[in-house]
Amino acid sequence: MTIQSPQQLAQVALSVSLYRAQYARAYVLKVARELKELKAREYQVVHDCLNQINDSVAQLSESIKELRRFGQATVGDDLFWHISNVESWVSTALTDAYTCVDELPGKNMSKLKATIKGKVLNVAEVTSNALALFHRFAQRYRAAKKP
């Protein structure tokens, strides 16, 4: 696949973020199921993280759908509403990922939690990159609106 436009680059970046979030979610779900029967305290921390990752998946999915609508909107207030939606949802997905990581204890972390932290930090990194690429794409519309 050859990237043809900044919009397509932003779309691919968001898709990568969504894929990584889904991958992390699958792993965290597996860990949560294993811990549910063994360790109630650790389960709760992992379950809270799972909720955050589920939110990230939902936000990134909505962002991708919204970005696909860009070809249907003209430069105007409606387009800027779409831009704002994507920015808000991707930022929220990023916050959710960092919230999950922050809930995991830093000291005496089990191998499972360390693995979760690594996978979720990866989601945060690619989501941050996707947000930067989307900002770059959206900037051309903002520049066109300035008087």
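**Exercise 1. A charge and a ring**

Which residue lies over the face of Tyr 27, and at what distance from the ring centre?

Solution. The model is a predicted one, in which local features need pLDDT of at least 70, side-chain atom pairs count only at pLDDT 80 or more, and totals for chains, interfaces and linings use all residues. Residues are numbered from 1 along each chain as its sequence is written, and side-chain values use heavy atoms, with hydrogens and water left out. The rule for a charge over a ring requires NZ of Lys or CZ of Arg within 6 Å of the ring centre and within 35 degrees of the ring normal. The residue over the face of Tyr 27 is Lys 119, at 5.0 Å from the ring centre.

**Exercise 2. The chain as a whole**

Describe the secondary structure, the burial and the contacts of the chain.

Solution. Begin with the helices and strands, which are DSSP runs numbered from the N terminus (helices: H or I, at least four residues; strands: E, at least two). The chain has four helices and zero strands, and its pattern along the sequence is α-α-α-α.

Next, consider burial. A residue is buried under 20% relative accessible area, exposed over 50% and partly exposed in between (1.4 Å probe, protein chains only).

Finally, turn to contacts, defined as heavy atoms within 4.5 Å. Among contacts with a separation of 6 or more, 74% join residues 24 or more positions apart.

**Exercise 3. The disulfide**

Which two residues form a disulfide, and what is its handedness?

Solution. A disulfide is a pair of cysteine sulfur atoms within 2.5 Å. This rule gives a count of one disulfide. The partners are Cys 49 and Cys 100, with sulfur atoms 1.6 Å apart. Because the torsion about their S-S bond is about -55°, the disulfide is left-handed. Cys 49 belongs to helix H2 (residues 40-68) and Cys 100 to helix H3 (residues 77-103), so the pair ties together parts that are 51 residues apart in sequence. Both Cys 49 and Cys 100 are buried.

Gln 52 is also in helix H2. Its relative accessible area is 16%, and therefore Gln 52 counts as buried. Neighbours within four places in sequence left aside, Gln 52 is in contact with Asp 96, Thr 99, Cys 100 and Glu 103. The C-alpha atoms of Gln 52 and Ala 97 are 6.5 Å apart, although 45 residues separate them along the chain.

**Exercise 4. An aromatic pair**

How are the rings of Phe 134 and Phe 137 arranged?

Solution. A pair of aromatic rings is described by the distance of the centres and the angle of the planes. Rings of Phe, Tyr and Trp (its six-membered ring) pair if their centres lie within 6.5 Å; planes under 30 degrees apart count as stacked, over 60 as edge-to-face and the rest as tilted. The structure holds one aromatic pair. Phe 134 and Phe 137 form this pair, which is tilted, with 5.8 Å from centre to centre and 55° between the planes. Both residues lie in helix H4 (residues 111-145), three residues apart, about one turn of the helix. Phe 134 is buried because its relative accessibility is 0%, and Phe 137 is buried because the value there is 1%.
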